[in-house]
Amino acid sequence: MFLADTRGGRELPLLKALAHPASPTRGLYTLKTIPKLDFAACLNHSYQELAAYICAALGLSGDMLQHALERYNSFSQTHAIAPLRLLTPHLAVQELYHGPTLAFKDMALQPLGALLGSLAKDSQEKFLVLVATSGDTGPATLASLAGLENIKVVCLYPAKGTSLVQALQMQTMDAPNLKVYGIEGNFDDAQSALKNLLGDAKFNVQLKEKGFSVGVANSVNFGRVLFQIVYHVWGYLEWVRSQNIKYGDLIRIVVPSGNFGNALGAFYAKEMGLPIAKIAIVSNANDVLEEFFNTGVYDISHRSLQKTYAPAMDILKSSNVERLLFALFGSERTKECMQNLDIHKRYTLSASELETLQEHFQAISCMDHECLSYIKQVYAEFDYLIDPHTATAFKALDSLKSPLPSVVVSTASWGKFAQTTCLALENKSTADDQEALEVLAQKGITPPSCVTSLLQKPPIHIEVLKVPEIARHIQAWL
């Protein structure tokens, strides 16, 4: 199986693209064609069996994959890796946060980390894996790659752009092959710094001299999206198994969106044959995706990044949209749009292109005060506590009304955002997550035990860098 370059560069075999995901064109490796699959035949599959079926259809199978899928055995609910919670007969929440870092990124990064470890071991290559994070990708990448032979990891995060728990998950990671840097700036600055390092000839020559090839675990790596397809299919099959819907019934999937990989996984599942009518995209105050899906204009020329209660969605350049453009409009049009975004900070789809886009997607945004309101409302109505990212999806349910059964994709445990949860439920501002958890505990609300223990750990990685300093510090660490 070969992957295509979204901007028309050379194709690469799947495993090679996972190990070396940086394209010379600055494009992304992605599916050349999307196969049609018979998911009805998978109703009796386990999660790992379903993942193996989908991966095999995309050219990935064998012992290396089986070893990677064993990572799911470490999840907190091994009998229900991505459990579906039915709130009503027509509304389900798919919980994707039962992995080691309490966020949906574990669903893809745990097996991808094992794959990268196997590739490094088999080839005797040394990889430097670079990752930029808005809060969840970093901890999940570090947890996935900690202690692996021939792999070193450098994680960049906005020093003032994550929750305390997210920051501590990175700062307390204790393995000799891991290095974490806070940076002065926001997530887009971190992501741009990473992409610039990937394209920096001098930096890459210096790494090569030290024996390292550069890898990434961000959305640049197609392996992330590959494993994100699986849980959307699993959620649908779980609903069928609950006997609340029949196979073939159309549903809607509601996805809180930042870098768009989660929603792209749903799109690929839909194109493979899963009965999805629409994918609803939810943004926060950084509503570039809402504007894009409703108008066909992707414009960041007048925007500055807004910090919100849903920090993993504080993104303006949603990199996986490029893969969607390729799937719908081909490499030439994708390259044109991306060049316009690089040069003019905007691009515009034609009327017919927008119509094609809207056959699959609808979009809305949710402001911070609405986010707080929906956390409180869902808790009161269903005795069910959701994190601020998931809360934005409930705004979409109310605003983008549909008679279709809907799955809300729940991306993180509320325990990673205790301050926001406390503010929503108690209308009380607190100094930090520790104080917020104490207030919530008085109401009988307690987080997963790993959150409580995390707050007692001393930080190891405390350096905060200016962007121009990053390359020098990485070189010194290596």
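Which residues lie nearest the centre of the largest cavity? They are Phe104, Lys105, Gly258, Asn259 and Ala312, among the 26 residues that line this cavity.

## Before you start

This is a predicted model, in which local features need pLDDT of at least 70, side-chain atom pairs count only at pLDDT 80 or more, and totals for chains, interfaces and linings use all residues. Residues are numbered from 1 along each chain as its sequence is written, and side-chain values use heavy atoms, with hydrogens and water left out.

Let's begin inside. On a 1 Å grid over the protein atoms alone, a cavity is a set of points where a 1.4 Å probe fits but cannot get out, and lining residues have an atom within 4 Å of a point. A volume is the space filled by probe spheres set on the points, which are joined across faces, edges and corners. Helices (H or I, at least four residues) and strands (E, at least two) are DSSP runs, numbered from the N terminus. By class, the lining of the largest cavity has 10 nonpolar, 13 polar and 3 charged residues; here Ala, Val, Leu, Ile, Met, Phe, Trp, Tyr, Cys and Pro count as nonpolar, Asp, Glu, Lys and Arg as charged, and the others, Gly among them, as polar.

The second largest cavity holds about 40 Å³ of space. Residues lining this second cavity include Leu18, Leu116, Phe127 and Asn221. Helix H1 (14-19), strand E6 (126-132) and strand E9 (212-216) each give two or more residues to that lining, which has 6 nonpolar, 2 polar and no charged residues.

## Open pockets

Now to the pockets: a pocket is an open set of points with protein on both sides within 12 Å along at least five of seven lines. The largest pocket has a volume of about 970 Å³. Ala22, Ser23, Arg26, Lys195 and Leu198 are the closest to its centre of the 38 residues that line it. Helix H7 (187-198) supplies the largest share of this lining, 6 residues, and the lining of the largest pocket divides into 16 nonpolar, 12 polar and 10 charged residues.

The second largest pocket has a volume of about 630 Å³. Of its 30 lining residues, Lys160, Gly161, Thr162, Ser163 and Lys307 are the closest to the centre. Here the largest share, 4 residues, comes from helix H17.

## Nonpolar cores

A nonpolar core is a set of buried Ala, Val, Leu, Ile, Met, Phe, Trp, Tyr and Cys residues joined through side-chain atoms within 4.5 Å, where buried means under 20% relative accessible area (1.4 Å probe, protein chains only). The largest core has 106 residues, of which Phe260, Phe293 and Tyr347 touch the most other members. H9 supplies the largest share of this core, 13 residues.

Leaving aside residues up to four places away in sequence, Phe293 touches Phe260, Ile281, Leu324, Leu354, Leu357, Gln358, Phe361 and Ala363 (contact means heavy atoms within 4.5 Å). A second, separate core of 41 residues includes Val165, Cys371, Ile386 and Leu437.

Technical notes. Buried < 20%, exposed > 50% of the residue type's maximum accessible area, 1.4 Å probe, protein only.
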